[in-house]
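User: I'd like to learn how to read a structure like this one, feature by feature. Could you walk me through it?

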Amino acid sequence: MTRPAATAQDLEETATAAAADYGLFGPGSATWQLMGEPILWVAGIRALYLQALQPRTMLGTWQNSALVHRHEAWARFLRTTEFVRIRTYGTTQEVERAGRRVRKIHASLTGTDADGTGFRLDEPDLLLWVHCAEVDSYADICRRCGMGATPDQLDAFVAEQRRSAAMVGLNPQCVPGSVGELDAYYRRARHQAHAGDEAKKSLLMSFNPPVPPALAPLRLVVPPVNALAFATLPRWARKLYGAPGNPATDAVTTAALKTLYQATRLAPARLRYTRTVRQAKQAVREYERRHLRGRDRAGG
């Protein structure tokens with residue numbers, strides 16, 4: 001059967017999509033399908049707690065960054081948030097510029113162990129731990145909060161994040177490319193995890209963040225959200241911090257994540273999402289509509 005000719009609108013949409021610069025990902029990616037939900041703030045906090053369990057990563061961060069200076073910590077948080085936004089939704093030029101900047105910063109930073117041994121913060125093992133902690137946190141919250149993420153989507157998301165790993169200087173081929181590979185990484189690497197003094201201090205500081213006066217109401221929201229993020233950590237990680245690794249906690253935490261996710265869904269899209277995320281979700285809908293139309297034609 002003859003396939004229907006493309007309409008002028010079809011051709012225009014195809015040309016527009018081809019000309020768009022979506023950076024690392026784009027509307028056909030699992031990353032754009034899953035990211036952007038407010039519930040993933042919990043994942044971001046979880047990632048910080050998990051990253052802090054790499055002793056050299058935490059020691060080097062403590063020795064070099066504004067983390068220990070409360071009046072500078074908010075600006076550092078905003079820079080990190082902007083980096084994640086650019087990495088996820090930015091153009092190729094924006095991503096490359098942000099990648100160069102972060103690689104330059106990491107290359108200039110060193111730390112010193114308690115025995116006087118020096119180390120660089122851009123050592124591959126340290127960068128890999130930080131990367132895996134972040135990706136594992138996003139995948140875990142997406143899986144548990146009830147947003148309907150499928151195993152295939154989560155595997156695709158983890159594989160796509162190899163592009164993020166390359167952005168900070170890692171070899172993508174040496175980075176986990178599926179949820180199963182992430183789990184295997186932690187089985188191999190978690191023996192190096194330790195909750196040092198710096199990690200524990202950072203954990204306590206996170207419950208009393210130095211927010212600007214205009215955002216003072218956040219002080220009421222941060223403690224319960226951070227407590228939830230901590231409870232989502234793997235049992236072995238909670239135990240390292242000195243908290244119980246009770247399996248019952250996992251079930252209660254998953255139920256809390258689902259409740260929070262559904263609660264955020266009650267807010268209108270204009271309040272729930274930033275402008276960048278709204279634009280990305282519109283691009284995803286248009287992408288899915290084009291592909292559905294293409295399948296209908298192929299079936300015809």
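Analyst: Happy to. Start with the secondary structure: the protein has 16 helices and two strands. Keep in mind that this is a predicted model.

User: What share of the 300 residues counts as buried?

Analyst: The buried share is 43% of the 300 residues.

User: How should I think about a nonpolar core, and which residues touch the most other members of the largest one here?

Analyst: The general idea is that in soluble globular proteins, nonpolar side chains tend to be buried together. Here, the largest nonpolar core holds 67 residues, and Ile39, Leu53 and Tyr241 touch the most other members. Helix H7, residues 124-144, gives the most to this core, with ten residues. Another core, of five residues, lies apart from it and includes Leu59, Leu109, Phe119 and Leu121.

User: What is Tyr241 in contact with, leaving aside its neighbours within four places in sequence?

Analyst: Tyr241 contacts Tyr49, Ala52, Leu53, Ala195, Ala199, Leu203, Phe230 and Leu233. One of these, Phe230, is also among the buried residues of helix H12.

User: Then let's look at H12. Which of its residues are buried, and what covers them?

Analyst: Helix H12 spans residues 218-231, and its 14 residues reach 20 Å from first C-alpha to last, close to the 20 Å expected at 1.5 Å a residue. Its buried residues are Val222, Asn226, Leu228, Ala229, Phe230 and Ala231. Their cover includes helices H3 (40-51), H11 (197-206), H13 (235-240) and H14 (247-264).

User: How many aromatic pairs does the structure hold, and why is the Trp129 and Tyr186 pair called edge-to-face?

Analyst: There are ten aromatic pairs. For Trp129 and Tyr186, the ring centres are 5.7 Å apart and the planes stand at 80°, so the pair is edge-to-face; the cut-off for that label is over 60 degrees. Because Trp129 lies in helix H7 and Tyr186 in helix H10 (residues 179-189), the pair ties together parts 57 residues apart in sequence. Both Trp129 and Tyr186 are buried.

User: What kind of pair do Tyr186 and Trp236 form?

Analyst: Tyr186 and Trp236 form a tilted pair, 5.9 Å centre to centre with 45° between the planes. Trp236 is buried, as is Tyr186. Together with Tyr185, the residues Trp129, Tyr186 and Trp236 form one aromatic cluster.

Definitions and conventions
Residues numbered from 1 in each chain as written. Predicted model: local features only at pLDDT ≥ 70, side-chain atom pairs only at ≥ 80, totals over all residues. Heavy atoms only, no water. Helix = DSSP H or I, 4+ residues; strand = E, 2+ residues; numbered from the N terminus. Buried < 20%, exposed > 50% of the residue type's maximum accessible area, 1.4 Å probe, protein only. Core = buried A, V, L, I, M, F, W, Y, C linked by side-chain atoms within 4.5 Å. Contact = heavy atoms within 4.5 Å. Expected span 1.5 Å × (residues − 1). Phe/Tyr/Trp six-rings, centres within 6.5 Å; stacked < 30°, edge-to-face > 60°.
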